[in-house]
Amino acid sequence: MRIAQISDPHVSADGLPVHGLVDTDAALARVVAAVNALDPQPDLVVVTGDLAHDGDAGATARAHDALAALRAPVLVCAGNHDCGDAVRAAFGPFPGDAGEGGVVYAVEGHPLRLIALDASTGDPLHAALPAAQVAWLAARLAEEPERPVLIFLHHPPFDTGIGWLDSMGIAQGRHEMGTIIAAHKGVAAILCGHLHRPMRGAWYGVPVLAAPSVMDRVTFTGLRPDGSPVAAVTAPPGFVLHRWSAEGGLVSELRFLDGYAETWLAARPDPAAAPKD
Ligand SMILES: [Fe+2]
């Protein structure tokens, strides 16, 4: 099974450049074209949030229309810039909807079960996984203990070491989620966005992959512990191509446009080293 992952399109309501600088319409169109040019086509495209820059209904509808140009079926989750109701209106109804609020659902009918989680709260600077959502996840995983699962969620559960980004991370529920996914054994990975740069880590022994963004030309700084600037990164848009097989698990390849290459910043998954607060 092949899955293309696109993240953080940040489509604007009026089509004007975001921050007066980034033409996200053009960037998304380029990424859509790149994914459409894949041969063979992916079975699915997963878009890991920040569909719209300001979360309003018009921008989210514009994101939907742009993503509708993809040849493969599209699944989305909500980011901190999104409004869950707007995402639901533009992309819903969702199969396997948790009915817990937010954009939370489980997709069947593929070799992997795909589960969308939602840590957005309506406040772009605050993220949390509600207890009811974590309980819903536990119930879904308990239904089929041996079934391979791929979770997609805008916010990575791990800390990046970039202070201002981590301050917007998942403040509640991430350890409870970690305990549940560690017990299931079948979670192949958690696919995320939010960071606007590729990062790889692990959460309670499960690989976590944060995709590069569609919204290019955003500079990020770090990795000093206090988040103070070390270097600026300017990268073209990119996406990730995942391949999953029962024998080999999940293999993920970064694809940047314009021939740009960036290595993963790697953290070694270690099931014995569950993170603690
Ligand atoms: Fe974003």
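Student: How many residues does the hairpin use to join β12 to β13?
Tutor: Three residues link β12 to β13 in that hairpin. By the way, this is a predicted model, where local features need pLDDT of at least 70, side-chain atom pairs count only at pLDDT 80 or more, and totals for chains, interfaces and linings use all residues. Residues are numbered from 1 along each chain as its sequence is written, and side-chain values use heavy atoms, with hydrogens and water left out.

Student: Do the two strands run parallel or antiparallel?
Tutor: Antiparallel: β12 covers residues 238-245, β13 covers residues 249-256, and eight bridges join them. Pairing takes at least two DSSP bridges, and a strand is a DSSP run of E with at least two residues, numbered from the N terminus.

Student: And what stands opposite His 242?
Tutor: Ser 252, over in β13.

Student: New topic: which residues of helix α3 are buried?
Tutor: In α3, residues 84-91, they're Ala 86, Val 87 and Phe 91. Buried is under 20% relative accessible area, exposed over 50%, and partly exposed in between, with a 1.4 Å probe and protein chains only. A helix is a DSSP run of H or I with at least four residues.

Student: Why do they line one face?
Tutor: Looking down the axis of α3, the buried residues fall within an arc of 105° (taken from the directions from axis to C-beta atoms), so they line one face of the helix.

Student: What do they pack against?
Tutor: Against α2 (57-67) and β3 (74-77), where contact means heavy atoms within 4.5 Å.

Student: Which residues are exposed on the other side of α3?
Tutor: Asp 85 and Ala 89.
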